[in-house]
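Good morning. Please have the sequence and the structure open while I talk.

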Amino acid sequence: MFDVVMTRMHELIIILYATSVLLYFLDFVDTNQKANRTAFWLLAIVWILQTIFLFMYMFETGRFPILTINEGLYFYAWVLITLSLGINRLLKVDFTVFFTNVLGFIIMAVHTFSTAQIESNVIAEQLMNEILYIHIMMAILSYGAFTISFVFSCLYLLQHRLLKQKKWGKRLRRLADLEKLDRMTVVLNGIGTPLLLLSLILGIQRAVIALPDFSWLDLKIIGSILMLLAYSIVFAMRVRKQLYGRVLAYWNIGCFLIVLINFFLFGRLSGFHLWIS
């Protein structure tokens with residue numbers, strides 16, 4: 001019974017933690033106070049759940065959970081969340097909170113995927129599979145965000161061409177203005193990039209455990225990392241106002257080509273996802 005409760009608690013913590021990191025990223029990009037507040041309260045819920053787990057674990061084992069590497073990782077993640085909540089509330093250094101929680105999520109994922117902490121192999125396998133579903137869902141959502149962002153970039157180029165050629169017709173009126181198209185491209189990339197990062201963290205952690213011959217040189221891993229780097233660079237340049245308008249649209253379309261290559265070509269040549277079945 002205790003193992004079942006811990007399994008469900010870990011799943012909920014991972015989901016809430018990932019959502020909090022995503023919202024902090026949106027605030028990091030667009031100074032969105034509503035996203036910041038929601039992220040803070042989600043992180044507070046994660047902290048409460050982790051604190052409950054610590055007390056339950058201490059009650060179950062009769063000691064403070066820091067004697068093994070797995071226990072130390074969990075306590076380390078709890079300390080990071082505690083500090084980030086304090087920084088957010090007292091110092092208002094939001095960017096520090098975001099980067100701290102990305103690190104905290106990685107540590108939490110490492111801890112969650114460590115089967116040594118769970119005595120029941122059945123429950124351990126169930127936890128791994130359910131975290132795997134979260135990984136897949138995040139990856140698909142990030143691909144969806146990048147796809148719609150690609151569409152907005154194409155519409156931006158079409159709108160720009162119509163305006164340049166002074167074709168004032170029904171087609172032009174049905175398209176959004178250039179500023180809105182540019183902004184939606186940025187927003188969708190701002191959603192897809194952290195989702196891809198979190199998905200990659202969970203996927204690699206799962207593969208390290210499931211694949212005895214795991215290799216960082218697998219084409220799927222390389223392709224996913226290239227995707228993350230490409231979108232991160234474009235996104236950072238846009239935030240710093242070094243990239244915008246038509247140039248941003250062309251770069252974004254180029255990034256989407258990496259998405260297609262990674263999904264259709266690298267996915268077929270890779271052994272990374274063979275362990276799903």
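I'll start with a definition: the expected span of a helix is 1.5 Å times one less than its number of residues. Take helix α8, which has 21 residues. From its first C-alpha to its last, α8 reaches 30 Å, close to the 30 Å expected. The same check works on α2: its 29 residues should span 42 Å at 1.5 Å a residue, and the end C-alpha atoms are 41 Å apart, so the two agree.

Keep in mind that this is a predicted model. The mean pLDDT of the protein is 76, and 75% of the residues reach 70 or more. Where is confidence lowest, and where is it highest? It is lowest in helix α6, residues 170-174, with a mean of 55, and highest in helix α8, residues 219-239, at 86. Where pLDDT is low, the predicted coordinates should not be read in detail.

Now the overall layout. The protein has nine helices and zero strands. Of its 277 residues, 47% count as buried. Among contacts between residues at least 6 apart in sequence, 75% join residues at least 24 apart. The protein exposes about 14,800 Å², and carbon and sulfur atoms supply 69% of that.

α2 is followed by Gly62, whose phi is positive, near 75°. Just after α8, Lys241 also has a positive phi, of about 60°.

Next, the inside. The largest nonpolar core has 61 residues, and Tyr17, Phe105 and Leu202 touch the most other members. The elements giving two or more residues to this core are α1, α2, α3, α4, α5, α7, α8 and α9. Of these, α1 gives the most, with eleven residues.

What does Phe105 touch, not counting residues up to four places away in sequence? The list is Ile14, Tyr17, Ala18, Val21, Leu198, Ile201 and Leu202. There is also a second, separate core of seven residues, which includes Phe152, Tyr156, Leu188 and Ala249.

Back to α8. Its buried residues include Met227, Leu228, Tyr231, Val234, Phe235 and Arg238. I'll follow two of these, Tyr231 and Arg238.

Is Phe256 buried or exposed? The cut-off for buried is under 20% relative accessible area. Phe256 has a relative accessibility of 7%, so Phe256 counts as buried. Leaving aside neighbours within four places in sequence, Phe256 is in contact with Phe146, Thr147, Phe150 and Tyr231. Phe256 and Tyr231 are 25 residues apart in sequence, and their C-alpha atoms are 8.9 Å apart in space.

Side chains of opposite charge can pair when their charged atoms come close. How many salt bridges does the structure hold? It holds one. The side chains of Asp182 and Arg238 meet in it, at 2.6 Å from N to O. The pair links distant parts of the chain, with Asp182 in helix α7 and Arg238 in helix α8, 56 residues apart. Asp182 has a relative accessibility of 10%, so Asp182 counts as buried as well. Arg238, as I said, is buried too.

To sum up, this is a predicted model with nine helices and zero strands. Its largest nonpolar core has 61 residues, and its one salt bridge joins Asp182 and Arg238. That is all I have.

Technical notes
Residues numbered from 1 in each chain as written. Predicted model: local features only at pLDDT ≥ 70, side-chain atom pairs only at ≥ 80, totals over all residues. Heavy atoms only, no water. pLDDT = per-residue confidence, 0-100. Helix = DSSP H or I, 4+ residues; strand = E, 2+ residues; numbered from the N terminus. Buried < 20%, exposed > 50% of the residue type's maximum accessible area, 1.4 Å probe, protein only. Core = buried A, V, L, I, M, F, W, Y, C linked by side-chain atoms within 4.5 Å. Contact = heavy atoms within 4.5 Å. Salt bridge = Lys/Arg side-chain N within 4 Å of Asp/Glu carboxyl O. Areas by Shrake-Rupley, 256 points an atom, 1.4 Å probe, with all protein chains shown as cover.
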